[in-house]
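This report is meant for a reader who is meeting the structure for the first time. Please keep the sequence and the model in view while reading.

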Amino acid sequence: MGMAAGLAFDTIAKDYDARWTSSTVGRLQRAAVWRHIDPLVKPGDRILDLGCGTGEDALHLMQHCGAVVQGVDASVEMIEVAQARGVDARQLTIEAFADLPRNRRRRESGGAVFAGALSNFGALNCVRDLEKVALALGHLIRPGGYLAICVMGARCAWEIGYFLLHGDLTKAFRRWRPNGAPSSLGIRVSYHSLAHLRHAFHPWFRLTRWCGIGLCVPPSYVKPLSASALARLAKIDARVAGWPFLRAIADHRLLLFERL
């Protein structure tokens with residue numbers, strides 16, 4: 001996530017939590033991610049949060065799992081919100097973090113290796129050189145550690161159906177473009193295939209499992225659905241979002257890797 005992305009997210013940082021984090025869709029989709037990540041985290045684990053935003057994931061891991069979390073984000077305004085909430089976060093793009101010399105990167109991250117790392121809700125969709133990120137994480141995460149990345153998938157059934165019903169062919173099939181597409185904030189977003197993600201993080205990491213996030217629970221722009229309807233859809237997601245084929249057409253994909 002480069003500086004352009006950081007500046008774009010600066011513009012929505014102050015009301016980001018109200019618009020997304022605290023929304024019913026936001027809470028349900030984030031809870032689905034936590035359901036898979038929490039069992040991996042042990043009290044005292046040092047976790048790196050890439051694209052930490054306002055610190056919602058960091059706070060959860062700190063308060064509910066006993067982890068020690070360090071956040072990194074490109075947006076100055078997002079970092080200020082996260083720091084005000086008690087998160088150890090610093091302003092740095094993911095690309096700049098990956099470009100740091102190995103020794104300096106280790107110093108910047110507190111000198112010790114991490115038990116795991118997290119990048120949630122599409123931060124890595126804004127990064128072109130995933131191999132460089134994988135190399136940096138390979139130097140920072142201990143063998144046997146974990147990496148959880150939640151990225152926007154290359155196909156989203158909700159998005160295709162919703163925008164087709166609204167007559168917007170461009171948005172309906174924007175994820176199909178090989179070079180990505182601009183988001184509503186004007187950021188170029190890449191929709192990486194599973195094969196690309198698996199290859200990018202090899203040989204440092206091995207993909208152990210993956211599932212869909214937001215298969216039945218729709219993207220936040222799909223309105224109106226009641227909170228009770230969304231809760232019912234979330235229960236269906238909990239049962240079927242890991243099934244072959246279905247997981248590939250969810251809004252996001254959660255990939256869990258093991259550090260080799």
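Is Asp-88 buried, partly exposed or exposed? Asp-88 counts as partly exposed, because its relative accessibility is 41%, and the model from which this value is computed is a predicted one.

## Overall form

The protein has 12 helices and nine strands. Its radius of gyration is 17 Å, close to the 18 Å that the globule rule gives for 260 residues, so the protein is as compact as a globular protein of that length. Along the principal axes, the C-alpha trace spans about 50 × 35 × 35 Å.

Of the 260 residues, 54% are buried. Among contacts with a separation of 6 or more, 72% are between residues 24 or more positions apart. The protein exposes about 11,600 Å², and carbon and sulfur atoms supply 59% of that area.

## Helix H12

Helix H12 comprises the 14 residues 227-240, which at 1.5 Å a residue should span 20 Å, and the separation of its end C-alpha atoms, 20 Å, agrees with this. The residues buried in H12 are Ala-229, Leu-230, Ala-234, Asp-237 and Val-240. Seen down the axis of H12, these buried residues fall within an arc of 140°, so they line one face of the helix. An α-helix has 3.6 residues a turn, so residues three or four places apart point the same way.

The face of H12 turned away from the buried side carries the exposed residues Arg-232, Lys-235 and Arg-239. On the buried side, the cover over the residues of H12 includes helix H3, which runs over 24-37.

## Salt bridges

A search of the whole structure finds 11 salt bridges. One of them joins the side chains of Glu-77 and Lys-14, with an N to O distance of 3.4 Å. This pair links distant parts of the chain, since Glu-77 belongs to helix H5 (residues 76-84) and Lys-14 to helix H2 (residues 13-21), 63 residues apart. Glu-77 is partly exposed, with a relative accessible area of 24%, whereas Lys-14 is exposed, with a relative accessible area of 64%.

The side chains of Asp-57 and Arg-30 also meet in a salt bridge, at 2.8 Å from N to O. Here too the pair links distant parts of the chain, with Asp-57 in helix H4 (residues 56-65) and Arg-30 in helix H3, 27 residues apart. Both Asp-57 and Arg-30 are buried. Asp-88, with which this report began, forms a salt bridge with Arg-90, at 4.0 Å from N to O, and Arg-90 is partly exposed, with a relative accessible area of 26%. Elsewhere, salt bridges that share partners join Glu-159, Arg-174, Arg-175 and Asp-251 into one network.

Glu-159 is found in helix H9 (residues 157-165). At 2% relative accessibility, Glu-159 counts as buried. When residues up to four places away in sequence are not counted, Glu-159 touches Lys-171, Ala-172, Arg-174, Arg-175 and Tyr-221.

Trp-210 has its place in strand E8 (residues 205-213), and at 12% relative accessibility it counts as buried. Leaving aside neighbours within four places in sequence, Trp-210 is in contact with Leu-194, Arg-247, Ala-248, Arg-253, Leu-254 and Leu-255. Its C-alpha atom is separated by 25 Å from that of Arg-188, a residue 22 residues apart from Trp-210 along the chain.

## Backbone features in loops

Most residues other than glycine have a negative phi, and most peptide bonds are trans. Against that background, the peptide bond from His-202 to Pro-203 is cis, with omega near 10°, and Pro-203 has its place in the loop between helix H11 (194-200) and E8. The peptide bond from Lys-223 to Pro-224 is likewise cis, with omega near -10°, and Pro-224 is found in the loop between E8 and H12.

Phe-121, although not a glycine, has a positive phi of about 50°. This residue lies in the loop between strand E4 (114-119) and helix H8 (130-140), where Phe-121 is buried, with a relative accessible area of 16%. Phe-245 is not a glycine either and has a positive phi of about 70°. Phe-245 lies in the loop between H12 and strand E9 (252-259), and it is exposed, with a relative accessible area of 60%.

Note on methods:
Residues numbered from 1 in each chain as written. Predicted model: local features only at pLDDT ≥ 70, side-chain atom pairs only at ≥ 80, totals over all residues. Heavy atoms only, no water. Helix = DSSP H or I, 4+ residues; strand = E, 2+ residues; numbered from the N terminus. Expected span 1.5 Å × (residues − 1). Buried < 20%, exposed > 50% of the residue type's maximum accessible area, 1.4 Å probe, protein only. Arc of directions from axis to C-beta. Contact = heavy atoms within 4.5 Å. Rg over C-alpha atoms; globule rule 2.2 N^0.38 Å. Areas by Shrake-Rupley, 256 points an atom, 1.4 Å probe, with all protein chains shown as cover.
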